[in-house]
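Me: I have a structure to go through and would like to take it piece by piece. Can you keep the answers plain?

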Amino acid sequence: MKKPCTAKEGYDVYRWFLDAAERGNPYAQFNLGRMYKSGDGVARDESQAFDWMSKAAVQGLAYAQNQLGVMYYYGRGIDHSDDLATSWFRRAARQGDASAQQNLGQMYKKGRGVPQSDEVALACFCRAAEQGLPSAQTLVGEAYCNGYGVARNYPMALAWFRKAALQNDANAQLRLGLMYKHALGVARNEAQAVAWFRQAAAQEDPVAQRLVGVAYAEGLGVQRDLRRAFAWLLRAAEQEDADAQFNLGVMLATGNGVEQDDELALTWYRRAAEAGHALAQYNLGGLYARGRGVDRDERMALEWYRRAAEQGMPHAQFNVAVMYANGHGVDKDDELAAAWYRSAAEQGDASAQNNLGVMYANGVGVERDDLQAVDWYGKAAEQGHALAQFNLGGMYGSGRGVERDPAQSFMWLTLAAQAGDVAAVSNRRRMALVMTPQAIAAAQQLVRKWRDAHPPSCYVPHNRAVD
């Protein structure tokens with residue numbers, strides 16, 4: 001085993017490199033720059049690192065030129081400059097330095113210091129990949145997988161990912177696992193996917209750790225084991241993987257495989273929510289709304305629901321609308337309620353469509369408009385929303401926003417009644433007392449036709465919990 005250098009030995013190495021560097025030796029200048037850059041045997045000093053690296057780079061040492069490009073790229077020891085970073089990467093790449101070729105490709109891929117070009121980026125990556133650089137091989141695989149700079153070709157992507165993965169490149173192992181999981185260029189094989197995820201996870205790749213956890217949670221490619229799932233998700237979550245943090249929150253909130261712990265669920269939901277995870281924001285709002293793991297706080301519930309809603313989540317938009325409509329955690333505001341209902345309704349949320357119809361029917365938050373009310377009730381009713389079916393039946397029965405049609409009214413009330421709406425049961429019974437048997441039979445035929453066209457999976461309850 002190689003023994004670590006003592007402080008004296010480190011200083012002696014530094015003095016040797018310094019003497020040689022001052023005599024103009026480019027390799028000593030490069031190594032001295034690296035020592036200053038990492039603080040190895042000398043106090044870390046990025047300005048000194050830059051000065052010595054520059055001296056070596058000017059003498060044509062490719063390693064130093066690449067490192068100098070990195071320093072300009074990140075603004076370490078010198079002001080950031082994409083143009084100068086690209087210039088030094090190019091000089092090193094021309095000498096065949098694989099890392100510089102990859103870095104130059106990244107500049108073209110991102111359009112930094114040069115015009116953006118996936119084709120030129122891929123050419124640079126290929127030069128580095130052909131020298132055996134695994135990270136470049138992974139980038140070539142990604143280009144083929146996504147069709148960047150070349151026609152999409154899953155078998156070629158698979159081949160490049162495999163080359164890098166066999167060199168223990170964690171990103172390639174992750175991507176290779178995803179190819180097996182999603183059957184891209186290869187037959188779907190969950191066991192192979194998990195095997196590659198596990199190799200990347202062992203290198204502390206948080207996404208791979210999360211995917212191993214999900215595999216154990218769902219029993220995909222491995223035997224279902226919720227405790228192992230929790231352990232892998234925890235490793236990923238501690239590396240700030242927001243999806244893993246969300247999944248931990250779900251397991252803790254539901255007691256799925258672990259002891260239920262609302263307070264700890266709240267902690268993980270919050271970490272994911274603060275990172276912008278919409279589902280975590282929504283669930284965190286739910287914990288505040290119900291007082292689970294924290295004191296009930298409608299204002300905080302609204303705040304987190306609103307954050308998820310602003311990311312376009314329809315259930316969150318519906319909840320925000322409900323809170324504005326009822327003045328929960330905020331001053332009552334029917335116009336804002338209608339606006340949020342509309343956002344959710346336009347994404348197909350049946351409860352929001354029904355509630356927006358109610359607002360048009362009653363002129364609350366919007367101008368009264370029976371045509372709009374019928375339209376929104378109809379959209380929700382077609383999804384099997386029982387309350388919307390009841391409301392639509394009422395509009396057909398009274399001729400509001402639509403021609404009066406007792407058969408249509410009876411049909412919608414029947415559907416709502418069969419879904420358990422008590423008011424629909426009562427109204428349908430009253431209608432039946434004044435309808436002829438022929439009219440009832442015709443309406444029931446409409447019910448059967450609607451049922452045939454709408455499988456049971458379409459039905460949604462009208463009393464969905466605000467979660």
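Me: At what angle do helix α7 and helix α8 pack, and how far apart are their axes?
Reply: Helix α7 (residues 118-129) and helix α8 (residues 134-146) pack at an angle of about 140°, and their axes are 8 Å apart. Helices are DSSP runs of H or I with at least four residues, strands are E runs of at least two, and both are numbered from the N terminus. Axes are lines fitted to C-alpha atoms, for helices over the stretch in contact, and angles run from 0 to 180 degrees between N-to-C directions. This is a predicted model: local features need pLDDT of at least 70, side-chain atom pairs count only at pLDDT 80 or more, and totals for chains, interfaces and linings use all residues. Residues are numbered from 1 along each chain as its sequence is written, and side-chain values use heavy atoms, with hydrogens and water left out.

Me: What is that arrangement of α7 and α8 called?
Reply: The angle makes α7 oblique to α8 (under 35 degrees is roughly parallel, over 145 roughly antiparallel, 65 to 115 roughly perpendicular, and the rest oblique).

Me: Is Cys124 buried or exposed?
Reply: Cys124 is buried, at a relative accessible area of 4%. Buried means under 20% relative accessible area, exposed over 50%, and partly exposed in between (1.4 Å probe, protein chains only). Cys145 is buried as well, at 6%.

Me: How many aromatic pairs turn up?
Reply: A search of the whole structure finds nine. In one of them, the ring centres of Trp16 and Phe17 are 5.5 Å apart and the planes are at 75°, so the pair is edge-to-face. Rings of Phe, Tyr and Trp (its six-membered ring) pair if their centres lie within 6.5 Å; planes under 30 degrees apart are stacked, over 60 edge-to-face, and the rest tilted.

Me: Which of those two residues is exposed?
Reply: Trp16 is exposed, with a relative accessible area of 57%, whereas Phe17 counts as buried at 17%.

Me: What kind of pair do Tyr73 and Tyr74 form?
Reply: An edge-to-face one, with 4.9 Å from centre to centre and 80° between the planes. Tyr73 is buried, at 13%.

Me: What lies over the face of Tyr74?
Reply: Arg76 does, at 4.5 Å from the ring centre. A charge sits over a ring if NZ of Lys or CZ of Arg is within 6 Å of the ring centre and within 35 degrees of the ring normal. The charged end of Lys55 likewise sits over the ring of Trp52, 5.2 Å from its centre.

Me: Backbone next. What is phi for Glu204?
Reply: Near 70°, a positive value in a residue other than glycine. Most residues other than glycine have a negative phi.

Me: Where is Glu204?
Reply: In the loop between α11 (190-202) and α12 (206-218). Glu204 is partly exposed, at 38% relative accessibility.

Me: What about Glu240?
Reply: Glu240 also has a positive phi, about 70°, and is not a glycine. Its place is the loop between α13 (226-237) and α14 (242-254), and at 48% relative accessibility Glu240 counts as partly exposed.
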